[in-house]
Amino acid sequence: MNNNTPFTQSISLKDIGIENAKIHYQLSANELHEMTIEFGQGVEISNGALAINTGEYTGRSPLDRFIVKDNISENQVWWGKVNIPFEPKAFDALYKKVTAYLSNKEVYVRDSYVCADPNYRLNVRVVTETPWANLFCYNMFLRPKLEELENFTPQWTLLCVPSFLADPAVDGTRQSNFAILDFTKKIVLIGGTGYTGEMKKGIFSALNFILPVFKNTLPMHCSANVGKEGDTAIFFGLSGTGKTTLSADPNRKLIGDDEHGWTNENTVFNFEGGCYAKVINLSEENEPDIFRAIKRGAILENVVINKETNEVDFEDVSITQNTRVSYPIYHIDNIQPDSIGKNPKNIFFLTADSFGILPPISKLTPGQAAYHFISGYTAKIAGTEAGITEPQPNFSACFGAPFMPLHPTKYAEMLSKKMKDANVKVWLINTGWTGGPYGIGNRMKLKYTRAMITAALNGELDDVAYENHNVFGIAIPQSCPNVPVEILNPRNTWEDTELYDQKAVELAQKFKANFAKFEEFANPEIMMGAPIA
């Protein structure tokens with residue numbers, strides 16, 4: 001719903017412990033935009049978009065994300081470094097502090113929902129401290145019609161209070177910022193950080209527990225689109241691998257760019273009502289859909305603005321590498337009606353391998369697909385983080401470990417079953433380096449990656465010859481339309497092929513070392529998907 005009409009209904013927050021607050025309820029996108037500027041919390045750039053700064057935190061803080069350990073979560077959640085337990089009593093005490101802090105203040109409240117499929121819909125009430133955080137939720141969550149708000153009953157509540165700082169010694173947090181999920185009380189509690197992604201990922205984490213445990217539906221950190229014949233393609237990948245870019249295809253309709261569910265009815269539905277894209281080095285030539293979506297209604301985060309032109313310098317990362325934009329999905333022209341697709345036919349695992357080892361495209365067996373899904377591999381390049389001077393492997397289980405409350409093999413087994421039932425083809429796509437590692441080789445050209453994905457989608461790789469990789473065992477096509485043959489096998493692109501073999505074995509060993517913590521839970525088919533060297 002693209003609705004900027006002011007909504008006049010009033011509500012109370014007493015039931016969630018907030019007393020005597022001045023409530024701005026269900027404000028339009030235009031109102032929130034104008035209030036942000038009026039309060040000096042953001043600026044409008046030349047194309048009409050809003051630019052804000054999220055403060056100290058320009059990204060998520062994984063070590064400060066907790067789950068309340070209680071009767072519902074105790075025996076279901078995979079506890080550890082990703083899912084850190086929090087005591088129920090400590091949560092109750094901290095929650096009372098936050099709601100008392102918001103009492104007698106101005107707050108912004110939005111009723112919205114997640115999950116485009118009505119059978120899986122989850123109603124969410126968001127309470128934010130700033131108008132721009134509320135605008136972010138307008139963009140990212142699904143927007144109820146006006147008549148749906150009359151009898152709206154929240155099932156989950158999300159509180160986001162950046163200016164509230166916890167006292168770790170008293171409140172049980174690690175430091176002053178926190179993001180805590182309580183599956184019994186159905187609350188996401190965020191404080192001490194203005195990074196908007198914490199809100200989005202808080203709800204995503206909740207769905208990653210609710211859908212598989214209670215709905216037998218696979219939640220996925222992926223983008224998805226639909227072809228003219230109704231075939232759905234799914235794109236998994238960590239940040240920087242091209243997930244948003246490659247799913248925005250002018251010849252296919254976009255279901256969504258980040259979070260989806262795959263049902264037993266073999267449908268794929270978007271969780272969200274918008275897109276949250278990285279904008280580092282953004283250009284209209286390479287990413288036209290995202291570039292053109294940045295207009296009135298979009299929120300740019302932590303970007304640098306040229307004072308003379310009032311335009312964004314997308315190459316300037318002096319604030320953060322993690323520059324972002326959120327916008328409602330209707331800012332993209334070519335979107336799938338109702339954000340639901342059927343008949344998944346192709347899955348793409350995206351990796352930006354800065355070691356230059358993995359092929360630009362390869363076909364996976366079901367076992368290999370499960371193994372690579374659990375591994376969730378990409379590689380960081382030098383300079384992206386302090387202390388990183390050469391490529392480093394980055395494994396994130398299920399391509400979204402920070403948001404997965406259950407053990408990764410649970411999601412992998414669900415994916416394997418659905419792949420087999422739907423006869424889905426699975427492809428590993430390396431959008432990273434060719435001809436050598438970062439600093440020696442070159443980044444794979446986007447036009448070649450697009451051509452390989454198009455060929456896979458069109459069935460043009462079904463009947464070509466394949467050769468198995470000598471270390472990873474994955475099947476490499478020997479030809480692909482509109483792609484030079486010499487780049488298909490990465491070994492052929494290195495000047496020193498013996499060095500390539502050595503580095504390939506080293507990377508394979510890193511895969512195996514990472515997978516060791518999953519082996520006792522993995523079935524024989526998954527283990528058969530491991531590298532062969």
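A nonpolar core is a set of buried Ala, Val, Leu, Ile, Met, Phe, Trp, Tyr and Cys residues joined through side-chain atoms within 4.5 Å, where buried means under 20% relative accessible area, exposed over 50% and partly exposed in between (1.4 Å probe, protein chains only). In this predicted model, local features need pLDDT of at least 70 and side-chain atom pairs count only at pLDDT 80 or more, while totals for chains, interfaces and linings use all residues. Residues are numbered from 1 along each chain as its sequence is written, and side-chain values use heavy atoms, with hydrogens and water left out. Helices (H or I, at least four residues) and strands (E, at least two) are DSSP runs numbered from the N terminus, and contact means heavy atoms within 4.5 Å.

**Nonpolar cores**

- The largest nonpolar core has 99 residues, and those with the most contacts inside it are Phe-236, Trp-262, Ile-347, Phe-349, Phe-373 and Phe-472; helix H6 (residues 197–214) gives the most to this core, with 8 residues.
- Apart from this core lies another, of 27 residues, which includes Ile-11, Ile-18, Val-68 and Ile-187.
- Not counting residues up to four places away in sequence, Ile-347 touches Ile-234, Phe-236, Trp-262, Leu-415, Met-419, Val-424, Lys-425, Val-426 and Trp-427.

**Helix H10**

- The 15 residues of helix H10 (residues 408–422) should span 21 Å at 1.5 Å a residue, and the end C-alpha atoms are 21 Å apart, which agrees; the expected span is 1.5 Å times one less than the number of residues.
- Among the buried residues of H10 are Tyr-411, Met-414, Leu-415 and Met-419, and what covers the buried residues of this helix includes H6, strand E11 (218–226), strand E14 (259–262), strand E22 (344–351), helix H9 (366–375) and strand E26 (425–430).
- Just after H10, Asn-423 takes a positive phi of about 55 degrees.

- His-221 is in strand E11 and is buried, with a relative accessible area of 8%; its side chain and that of Lys-201 are joined by a polar contact of 3.4 Å. A polar contact is a pair of N or O atoms within 3.5 Å; within protein, one must be able to donate a hydrogen and the other to accept it, and residues adjacent in sequence count only if both atoms are side-chain atoms.
- Asp-258, in the loop between strand E13 (253–256) and E14, is buried at a relative accessible area of 7%, and its side chain makes a polar contact with the side chain of Lys-200 (2.6 Å).
- Lys-243, in helix H7 (residues 243–247), counts as buried at 8% relative accessibility and touches residues including His-221 and Asp-258.

- Arg-324, in strand E20 (residues 324–328), counts as buried at 14% relative accessibility, and its side chain reaches the backbone oxygen of Tyr-276 at 3.3 Å.

**Salt bridges**

- A search of the whole structure finds 20 salt bridges, a salt bridge being a side-chain nitrogen of Lys or Arg within 4 Å of a carboxyl oxygen of Asp or Glu.
- Lys-200, Lys-201, Lys-243, Asp-258, Glu-259 and Glu-272 are linked in a network of such bridges.
- The side chains of Arg-174 and Asp-64 meet in a salt bridge (2.9 Å, N to O); Arg-174 lies in the loop between helix H5 (168–171) and strand E9 (178–182) and Asp-64 in the loop between E3 and E4, so the pair ties together parts that are 110 residues apart in sequence.
- Within this pair, Arg-174 is partly exposed at a relative accessible area of 43%, whereas Asp-64 counts as buried at 1%.
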